[in-house]
Amino acid sequence: MTSTEIQNEIIDDFSLFEEDMESKLFYLMDLGKKLPEMPLEHKTEEFIVKGCQSKVWLYPVKQDGKLFFEADSNTEITKGLVSLLVKILSGKTPSEIVETDLYFIEKIGMNHMIGSQRSNGFASMIKQMKMYAFALTQNN
Amino acid sequence: MSVTTLDINFIRSQFPILHQEVNGHPLVYFDNAATTQKPIKVIEALGDYYKLHNANIHRGAHALADRSTGFFEDTRKSVQQFINAKEAAECIFTKGVTESINLVAQTYGKAFLKPGDEVLISYMEHHSNIVPWQMICEETGAHLKVIPIHENGELDLEAFYKLLSVQTKIVACVWASNALGTINPVKEIIDSAHKVGAIVLLDGAQAGSHLPINVQQLDVDFLTLSGHKLYGPTGVGVLYGKRELLDKMPPYQGGGEMIKEVSFESTTYNEIPFKFEAGTPNIGDVIAFKYALEFVNGIGKDAIIQWESKLLNHFNAGIREFGSNRIKLFGAAKEKVAVQSFLLEGKHPFDTGLLLDARGIAVRTGHHCTQPLMKFFGIEGTVRASFAVYNTMEEVDVLLDSLKKMVNR
């Protein structure tokens, strides 16, 4: 699936909740629980993306010209959002990752999660994923 | 308005912001320790200042300047009465508690601290009552000593007496803790500090809106207040200091207003309070602040404390009833302002905060700028609900219901 198709599917899923923010958050927390467990040896200081309150670990894996991500977070809601990013971007080529416009965040009503850089690792994580991908496009 | 007839609906009607929905639910604002909402008279006074009176204050030879100066100095008199200072000149306007503390550290501290002297602070200080002292200690060679606390969030007074000595020159202590709500025995601290010749600065950021203040009776040397935590505008703070101390302190910043006479060879400084108010002050907000003090005076501190204690007790009783095994409360001092920190078992405070926000409830999550205190409890942060006089029992029930749903999920 293309990143656009995945994003549209996510938007469809969230549209069921309409304006019910609480249900959206509970759903995100459930999604986070389904994120594949990150190997402990990759959850090191080097791979932490820091926010003031929530932490995210992000570990990039290159394979056959594609970039895969392992990720985790210490907060359940951020972890749910992280799982969506992994679903959309993991396994894509570096240039695809750099170019992907993550319009789903606003469409599912979660733009406040990327508004405050200080308070959560999610916003920094998007930047970090793109940085990893960008570095690869420069090396090739 | 007497204690028994506190009319919460009337009080709430003075706060336009409270009457809105957030995420489809009526707003429940429990982040009052971070900043309180503003009564309509404060908002109108701020608007009126710019619509009708705006002029730079002091020394203007025109009607608007006279008027603005009068209003500005009226607020100073209101502050004087609010804290029962001997004279209005002892009340200096700053932009907040942080600036007030930095002012004292950088002037009194710089002038009078010597190598080997000691500055005492407590374990429950806000970063703004830690860092300025660290900075000046580093500069002067003085040592920073920390008064420990007990598990229930009360100050360890025995340890305080052990730390207190003739080396102690400054005791800088929070009156009411922003993270735990603990009210410290400040009169005892002040009297003991004076016996060894130390001066005392109280961080009154949280005390301002909750506790009666009488600086002469306390005999406190410096007291700091935050306007925006006291129903007033942001960008207004107060530094109260005894005249004898303020007079002998060097100025903080140089510029206009703080001078008597300037030549390229030398400058003589103005009298207090102007010596410490260099540059054009935050005129509009200071003028509006007076109406915040009037709002508080109109209800009375005793009535405020009584109501807020009821809210706090109702919340804590609710937690004990359904969630004491799943929700941990932090801060069980006997004397508390209406602030309660807590954690849901196994839940990060950030998640709890977002879920409460989804129901229109505003709380604060994180370390509350008290990282050493969080370390003491072995946690990264808490969820903090802090109540104000306009909050209701029904709002506390909304919070309790939401927490109940979360722990039962």
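Colleague: How far apart do the C-alpha centres of domain 1 and domain 2 of chain B lie?

Modeller: Those two centres are 28 Å apart. This is a predicted model: local features need pLDDT of at least 70, side-chain atom pairs count only at pLDDT 80 or more, and totals for chains, interfaces and linings use all residues. Residues are numbered from 1 along each chain as its sequence is written, while chains are lettered from A and ligands numbered from 1 in the order in which they are written.

Colleague: What makes up each domain of chain B?

Modeller: Domain 1 of chain B covers 3-30 + 300-408, and domain 2 of chain B covers 43-298; such bounds come from an automatic or database domain assignment. Their contact takes 23 residues from domain 1 and 21 residues from domain 2 of chain B, where contact requires C-beta atoms, placed from the backbone, within 7 Å. On the domain 1 side, α11 (301-322), β14 (339-344) and α13 (371-376) of chain B each supply at least two residues. Helices (H or I, at least four residues) and strands (E, at least two) are DSSP runs, numbered from the N terminus.

Colleague: Now the sheet: why are β4 and β6 of chain B said to stand at the edges?

Modeller: The seven strands form an open, mixed sheet in the order β4-β10-β9-β8-β7-β5-β6 (chain B). Since β4 (91-94) and β6 (143-147) of chain B have a single partner strand each, one side of each is left without a neighbour in the sheet.

Colleague: How do you know that β9 and β10 of chain B pair?

Modeller: Pairing needs at least two bridges found by DSSP, and five bridges join β9 (residues 222-226) to β10 (residues 237-241) of chain B, running antiparallel. Within this pair, Thr224(B) is opposite Leu239(B).

Colleague: And why is strand β17 of chain B called largely enclosed?

Modeller: A residue is buried if 20 or more other C-beta atoms lie within 10 Å of its own, exposed if 12 or fewer, and partly exposed in between, with C-beta atoms placed from the backbone. Five of the five residues of β17 (residues 382-386) of chain B are buried, so the rest of the structure largely encloses this strand. One face carries Thr382(B), Arg384(B) and Ser386(B), and the other Val383(B) and Ala385(B).

Colleague: Which residue is the bridge partner of Val339(B) in β17(B)?

Modeller: That partner is Ser386(B); β14(B) and β17(B) pair in the antiparallel sense over four bridges. Strand β16 (residues 364-366) of chain B also pairs antiparallel with β17(B), over three bridges, and here Thr365(B) faces Val383(B).

Terms used. Contact = placed C-beta atoms within 7 Å.
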